[in-house]
Amino acid sequence: MPANVLEELHWAPMDTLQYTQSRRRITLYKNEIAASQPLFIHCFHHFSIDYGNQELIIKNKKLKELLAYLCANNNSWISKWSIAQQMWPDVSKSKAMDCLYKVIGSFCKTSILYSVIPVETHRERIRVCLSAQELDYEMFELLAHDDDSEALFRALDLDRGGFLENECYEWSVQQQMKYEILYEYILKQIKAL
């Protein structure tokens, strides 16, 4: 693998997607980079992405919201229109779609995010595909339904606060309530031990 893979990924998405051979090379590099270090996404308290031993900083607020929305709906195909409607509810359909495409373009230009987060698009749908070991809320859910006391305590350790508590996204309110109820359920389970 070349030493300057990240630089290649930075320019590659827009410049070489027309060429099948180049696309395969980008995917190969992307998979090698992603497999080289652990990825963990935190949705409790605030949205953050840990890659290796450091937190990736996302300065673009709408890109951060898009990634949080996709992670909150992990492995689910979501229409781009419904995402645009959730993220820009007060603007027209065409303006919302333009904004969404700009954010997606910003994601593709951010080489490290593009190489680490498995975002898939198909026509007018998009999704992110992460395992339960890469998402704190999915790991929390798995551990919460385990009868082992050690698993329950590990679940409590994952909960650093409410689901996307510091982000204030309107679309996350229902999931916030779900995880608050699950947290209380875990406390009752531990008390019963």
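Analyst: A disulfide is counted here as a pair of cysteine sulfur atoms within 2.5 Å. The model is predicted, so local features need pLDDT of at least 70 and side-chain atom pairs count only at pLDDT 80 or more, while totals for chains, interfaces and linings use all residues. Residues are numbered from 1 along each chain as its sequence is written, and side-chain values use heavy atoms, with hydrogens and water left out.

User: How many disulfides does a search of the whole structure find?

Analyst: A disulfide is a covalent bond between the sulfur atoms of two cysteines. When the whole structure is searched for such pairs, the number of disulfides found is zero.

User: Is Cys-99 buried or exposed?

Analyst: Buried means under 20% relative accessible area, exposed means over 50%, and partly exposed lies in between, with a 1.4 Å probe and protein chains only. Cys-129, at a relative accessible area of 22%, is partly exposed. Cys-99 has a relative accessible area of 18%, and therefore counts as buried.

User: Which residue is the bridge partner of His-42 in β2?

Analyst: Strands are DSSP runs of E with at least two residues, helices are runs of H or I with at least four, and both are numbered from the N terminus; two strands pair if DSSP finds at least two bridges between them. Strand β1 (residues 39-42) pairs with strand β2 (residues 48-51) in the antiparallel sense, over four bridges. Five residues lie between these strands in their hairpin, where His-45 takes a positive phi near 75°. The partner of His-42 in β2 is Ser-48.

User: In the hairpin of β2 and β3, which residue takes a positive phi?

Analyst: β2 also pairs with strand β3 (residues 54-56), in the antiparallel sense and over three bridges, and Asp-50 has Glu-55 in β3 as its bridge partner. Two residues lie between the strands of this hairpin, and the one with a positive phi, near 70°, is Gly-52.

User: How many of the 12 residues of α3 are buried?

Analyst: The buried residues of helix α3 include Leu-63, Leu-66, Tyr-69 and Cys-71. The helix is mostly covered, and the number of its 12 residues that are buried is nine.
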